[in-house]
Each structure stands twice: as C-alpha cells, then as structure tokens.
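Hello,

Here is the structure I promised to send over.

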Amino acid sequence: MSMAERHAALSRRRFLGGALAGGVALAFGPTLWRQPGYAAVPARAPHLQYGTDPRRSMVVSWSTDGPVERAVLDVGTDRGFGRVIAAESRAVRGTGTVYHHAVVDRLEPGRVYRYRPRHRGGQGAEGHFRTAPQHAERFTFTAFGDQGTSAGAAAITAQVARQHPAFHVHAGDLCYAYSAGTGEAGPVNPATWDTWLGLIAPVASQVPWMPAVGNHEMESGFGPQGYDGVLSRFSLPATGARGVPSTWGFRYGNVAVLALDGNDASFEIPHNLNWTEGAQDAWLRATLRNLRADPSIDWIVATYHHCSYCTNAVHASDGGPRQRWDGLFDDHDVDLVINGHNHCYERTHPLRRGRVSDDGTVFVTAGGGGQTAYQASLAPLSYVSLEHGKVPETAPWSATRYNDLSFLAADVDGKRLTVRALRPDGSEIERVVLQKTVLQKPASVRAAAS
Ligand SMILES: [Fe+2]
Ligand SMILES: [Fe+2]
C-alpha cells in the first residue's frame with residue numbers, strides 16, 4: 001500500500017467512525033472533521049455535595065444534554081488544576097439529560113479548590129469549593145424545604161448566597177417534577193429537574209446542597225420507592241443506613257447533621273411507610289449514640305421532610321415521625337429538628353417527651369423555600385395524622401408561626417447556636433438562641449422576636 005493509499009484508508013476509517021458516532025455524514029476530509037455527536041454539548045448546572053468527610057471529600061455533579069465521552073473533572077488549587085477525576089454518568093428514564101458525578105477525595109481541610117467539568121468535545125464553567133476546616137468554631141449554614149422553581153424560590157436561593165453558608169440543608173420537596181406527591185400513579189415531568197438544577201446552580205456550584213427526600217421525591221414509576229429521579233441527580237454520601245440512600249450524615253466542626261427519610265415514617269402519606277424495615281431507626285440510634293459519645297460534637301441537627309409539630313392546616317403534624325423518633329431525640333439530646341412539608345415557618349418551644357421543657361428539642365418547620373406558601377390556619381385546634389386518621393389536638397408547643405416564604409440561617413459559634421428565620425429579602429422574622437451549659441447538655445433556649 002502506497003503512502004497515498006494508506007492515507008485514504010485512514011481517512012475512510014475516521015470518516016466512518018464520525019458518521020457512526022454522530023449519525024451525520026460529512027463530505028470533507030479528515031483534517032476538518034469534528035466528532036459531531038459531542039462537539040457542541042456544554043457541561044451545565046453544577047452542584048456540590050459533601051463526600052463521606054466534608055474536610056477531605058466533595059462530590060461535584062453536573063449534566064449534559066445526552067451522553068458524552070470521557071466525562072471528567074479537573075481539580076486543583078490553581079488554574080493548572082492538576083488532577084483529572086473520572087465521573088460516573090447516570091441516565092434516568094424519561095429524559096435525554098445525563099447526570100455526571102465526580103467524587104473528589106484526598107483533599108486537605110479548609111482549602112479552596114478549583115474545578116472544571118469536561119468531556120470529549122465540551123466543558124463547563126470553572127467553579128470552586130471549600131473543604132470543611134479541621135476545627136470549625138464559627139460558621140453559618142442555611143436550610144429550607146419545599147423549593148420548586150418559582151421566582152420566590154430564585155429569590156430565596158439568591159438570599160442563601162448572601163448568608164455565606166458553609167453548606168445548605170434541604171428538607172425535601174426539591175423541584176416538584178412529580179406534582180401528585182403521594183407515591184401513587186401520576187405524571188412526572190423530568191424537565192422540571194433540569195430547570196431546578198439550573199436555578200440552584202449559581203449557589204449550589206459553590207455551596208454543598210444536601211437534600212433529604214420529601215413526598216414529592218416519591219416519583220411514580222421511578223423505582224420501588226420512587227427515588228430513581230433524585231438519586232440519579234444527586235450523589236449523596238454513603239454514611240446513612242445500609243441500603244437506605246435517602247439517609248446520610250456528616251460532621252462539620254462541632255455540628256452533626258443527619259438526614260432522615262420522612263417517607264419511611266409518615267402516617268399522612270404512607271406510600272413508603274416502613275420501607276426500610278427498621279434499618280433507618282437502627283442506624284439513627286447507633287449514630288446518635290456515637291455522636292453523643294464524641295466530645296468534639298456539641299450540636300446535633302436532624303432534618304426530615306414531614307412535620308412532627310406544625311399547626312398549618314394543610315398538613316399539620318405527622319404522628320409517624322413523633323412515634324418513631326421523639327424518644328431517640330430525647331435520649332440523645334438532639335438540639336434542632338428541621339422539617340418542611342407545610343409551606344410556612346413555625347417553631348416550637350423546646351420539647352421533651354412531647355411536652356414543653358427548657359432542655360428539649362426545638363422543632364422548626366422551614367417549608368417556605370419557594371413553592372406557593374400555605375395560608376395561616378384559622379382553626380382553633382390543630383391535628384395530627386395517626387395510623388388510623390387525623391386526630392384534633394391542642395398545640396401548646398407552638399411558639400411562632402409565619403405563613404409566607406422564608407428560610408433559616410443558623411450561626412454556629414462554639415456552644416452557642418443562633419437560628420434566624422428570614423424572609424426572601426433577608427429581613428428577620430425571629431431568632432432563637434440555643435446555648436450549651438457548662439455541662440454541655442442539655443441546651444437552654446432563648447428566643448427573640450424581631
Ligand atoms: Fe411541599
Ligand atoms: Fe411535602
């Protein structure tokens with residue numbers, strides 16, 4: 001074979017390869033050929049999640065319109081990056097969008113890292129994240145649930161950034177792609193996920209966005225619990241109950257944050273009730289015991305979607321989480337519970353054994369994250385969903401109610417934890433100060449309305 005013949009044969013092979021990959025025939029030679037199926041696809045909507053140890057690991061996630069070759073993440077401390085980490089790519093039924101997740105480990109505590117998603121023929125914008133410091137004394141984290149994709153959701157998300165949080169805790173009901181929210185048959189619009197990921201990206205590309213699952217994550221037709229949707233778009237740390245990827249926990253400084261699967265405990269919306277067959281509660285018990293045996297942990301914060309204590313007429317309180325977890329919270333002095341579900345703000349007095357007690361757990365409904373707010377209840381009695389139905393009850397535990405869009409910013413300062421309830425413009429609804437005593441536990445609580 002002459003040189004010219006070898007060149008012609010090589011050109012044909014390249015040409016055929018391009019045509020197969022992209023399905024488009026190009027009528028010019030090999031020097032101008034570009035792989036048409038991959039060339040113009042950007043990497044978009046990046047968001048962060050902590051890995052198993054926030055000081056040393058981070059997961060960067062992003063998406064592309066369709067599959068790409070060689071999805072990788074460049075990571076480093078300067079513009080030279082230096083590390084190239086292969087991503088895991090996940091497809092999910094009902095959409096052509098593909099979601100990519102790169103686990104970055106062996107990081108140093110308290111450092112800023114640059115990253116850039118990339119694949120054959122395209123790349124995303126450069127971002128950065130900060131690992132948790134070895135010892136964190138003072139920092140802020142934010143929280144809300146029930147976000148959706150409204151203008152209000154965008155306003156609150158922007159306001160979260162202004163709080164400069166180390167991380168954001170999401171109490172579930174993320175995007176409402178599945179409007180029914182019951183777990184039963186109903187339409188799911190996967191495009192809503194991409195709209196939502198685009199909405200949170202400006203903040204979630206820099207601030208780990210750590211979600212618990214809500215009832216709207218029980219997407220009909222997406223796996224036995226309906227979680228295929230959320231689990232294809234998030235790569236959460238495998239620190240939760242074995243076989244229960246909707247649970248996780250992490251430590252940041254002297255704070256431990258645990259996400260529970262409220263669908264496993266809800267009497268009100270029982271589609272996934274008891275699906276973990278006790279695994280979640282066993283993990284919670286063991287985890288709380290370990291945390292309280294660790295002198296470096298002062299504050300324990302638990303988040304799950306359904307409200308243990310809320311007077312809002314739409315969902316009010318759910319007796320399932322109360323029965324399952326109140327005792328564990330009491331036994332291990334859980335300081336703060338963050339719920340969503342009712343689209344409003346409500347805070348309880350500290351509760352122990354279901355009664356107001358200075359040394360108890362404060363329950364906050366933070367469901368004002370952007371989805372349409374629920375109006376205030378005018379009923380003289382609230383109610384609680386039990387296994388056999390809704391039962392009226394008085395609510396002496398209710399301290400503050402605010403029925404409009406809102407979110408939380410929690411300021412940790414050693415043995416003092418200040419929880420601020422904020423409106424979308426950043427103005428304050430109220431703040432509550434939790435203070436550990438010299439003996440560490442329990443915390444005492446002081447509240448100030450403003
Ligand atoms: Fe909701
Ligand atoms: Fe909900």
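Below are my notes on the fold, the metal sites, the core and the cysteines.

A word on conventions first. This is a predicted model, in which local features need pLDDT of at least 70 and side-chain atom pairs count only at pLDDT 80 or more, while totals for chains, interfaces and linings use all residues. Residues are numbered from 1 along each chain as its sequence is written, chains are lettered from A and ligands numbered from 1 in the order in which they are written, and side-chain values use heavy atoms, with hydrogens and water left out.

The overall fold

The chain has six helices and 28 strands (DSSP runs numbered from the N terminus: H or I of at least four residues for helices, E of at least two for strands). Of its 450 residues, 57% are buried, meaning under 20% relative accessible area; over 50% is exposed and in between is partly exposed, using a 1.4 Å probe and protein chains only. Taking contacts (heavy atoms within 4.5 Å) between residues at least 6 apart in sequence, 68% join residues at least 24 apart.

The iron ion (ligand 1) is held by Asp146 (OD), Asp173 (OD), Tyr176 (OH) and His343 (NE2), at 2.1 to 2.2 Å. Donors here are N, O and S atoms within 2.8 Å of the metal (3.2 Å for Na, K and Ca), and since water is not among the atoms, sites may look incomplete. Along the chain, the donors of ligand 1 follow the spacing D-x26-D-x2-Y-x166-H.

What is the arrangement around each ion? The four donor atoms of ligand 1 subtend angles of 88 to 176 degrees, which makes the arrangement irregular. (Four donors are tetrahedral if all angles lie between 85 and 135 degrees; four are square planar and six octahedral if opposite donors are over 155 degrees apart and all others between 65 and 115; anything else is irregular.)

Aspartate 146 is buried, at 0% relative accessible area, and aspartate 173 is buried at 2%. Histidine 305 is buried as well.

The nonpolar core

The largest nonpolar core has 108 residues, and Phe167 and Phe329 have the most contacts inside it. Such a core is a set of buried Ala, Val, Leu, Ile, Met, Phe, Trp, Tyr and Cys residues joined through side-chain atoms within 4.5 Å. Helix 3 gives the most to this core, with seven residues. Domain 2 (44–130) and domain 3 (138–449) both contribute, so the core lies between them; the bounds come from an automatic or database domain assignment.

The cysteines

There are zero disulfides, a disulfide being a pair of cysteine sulfur atoms within 2.5 Å. For cysteine 310, the nearest cysteine sulfur is that of cysteine 344, 4.1 Å away. Cysteine 310 is buried at 0% relative accessibility, and cysteine 344 is buried at 1%.

Best wishes
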